[in-house]
Amino acid sequence: LPYTTNVSSVLATITTKNSGLVYLKNIKETEDEEDTFIYHSSEDSIDFSEPRTLRILALNGEVWRDYEVKVNVHQQPADSMNWQQMATIDELAQMAHLKVIATGEERFILGSDDTTTQLWVANADGTAWTVGNTAFDGDAWKNTVVKNNDLFVLSSGEIQRMSSGSWTAITPDKTLQQLVAAASTALFALSADGTLMISDDDGATWTEEQVDDTEAPLPTADMSYTVRTTKTNSEIERVTLFGTSNASDYLLAWSKLIDTKKADNTTEWSFVDTAGDTRYVAPKLAGMTVINYDGTDMAFGQQADGTMSTTLQSYDSGITWKKNTTIVLPDELATGVPFGIAADSANYLWIIDHSGQVWRGRINRLGWGK
């Protein structure tokens, strides 16, 4: 039952097979008190603040069976958020760019000083972070995607793949400008001239993608992506690429459907076109980041004064955006960019600010067992 429901006086309709009689066991006030059973009428209320025993007596008066009944009440409000500061990493305060990555149950932070990108790895609960042994070029922080819980990083022309803690180098057959997205069967990137490319073999070979509108702008900055299985077909994934461009004052979105059972991914990318209707578009914000959370796309960014904007939420893969008031970020977050945010497999949001604070929070209902 919902949070704050009072179950100390509940009317319950109880039916039985073969006209059995319903009796209710008393709540003992002392250990020495004897068990007693009283006949239950549907007009009498029951105190379910603790488990109660119902005795069903057969009409012959000789045979019975006892049932324990427990009424569950949520102990948290469903749509509230609780935040916990997990750690402070002082070195992050020196970084010009920050990004949080979650691969299944693992979390990573990438920090770049424009010359080198360093990778921090979290312990099991995220209270301690250690610097990895591998350093990347200054742009690697934005050249990072996750495919099937493997981490792919484009650095100095090579793709580094981390799987189960081990790194493998992959040399792509094309010159790539940026890794931009991933689905369960493919990686996506921009070529040196800004063309969308696809790789079906974890980054070794790349081919040009088709788009439905060659005049529409592709994102050039603040790129992020989401991938979800469609609600109508468990074999179809929708990958949506988000980002900003000097060609638009709003967040840009492109989407592609992928049949995971087919050997190729020949469907074209579709531009999410508002057709001039700007009532429900997402404005271009500093540090714009879109993540998959609560089964929807959620956009985070900062306003001109450096404070975090109200979270924007899209249920239709970037066609329309509405304000989400459930996600309230910690008041203690340092204002200004850079910042980073990601969601892990346990539905926790992980956020870092430019002072090095690491926070973890979750909408309560997303942590409830089912």
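Predicted model: local features only at pLDDT ≥ 70, side-chain atom pairs only at ≥ 80, totals over all residues.
Residues are numbered from 1 along each chain as its sequence is written, and side-chain values use heavy atoms, without hydrogens and water. Local features need pLDDT of at least 70 and side-chain atom pairs count only at pLDDT 80 or more, while totals for chains, interfaces and linings use all residues.

Select residues 176-182 to start: this is strand E16, an edge strand (strands are DSSP runs of E, at least two residues, numbered from the N terminus). The open sheet here has four strands in the order E16-E17-E18-E19, with antiparallel pairing (two strands pair if DSSP finds at least two bridges between them). The other edge is strand E19, at 207-208. Leucine 176 stands opposite serine 191 of E17.

Next, select arginine 161 and aspartate 202, a salt bridge with its closest N and O atoms 3.0 Å apart (a side-chain nitrogen of Lys or Arg within 4 Å of a carboxyl oxygen of Asp or Glu). Arginine 161 lies in strand E14 and aspartate 202 in the loop between E18 and E19, 41 residues apart. Aspartate 202 counts as buried because its relative accessibility is 17% (buried is under 20% relative accessible area, exposed over 50%, partly exposed in between; 1.4 Å probe, protein chains only). Arginine 161, at 25%, is partly exposed.

Move to arginine 365 and aspartate 294, whose closest N and O atoms are 2.7 Å apart in a salt bridge. The partners are 71 residues apart in the chain. Both are partly exposed, arginine 365 at 29% and aspartate 294 at 26%.

Finally, show Lys147, Asp150, Arg161 and Asp202 together: salt bridges with shared partners join them into one network.
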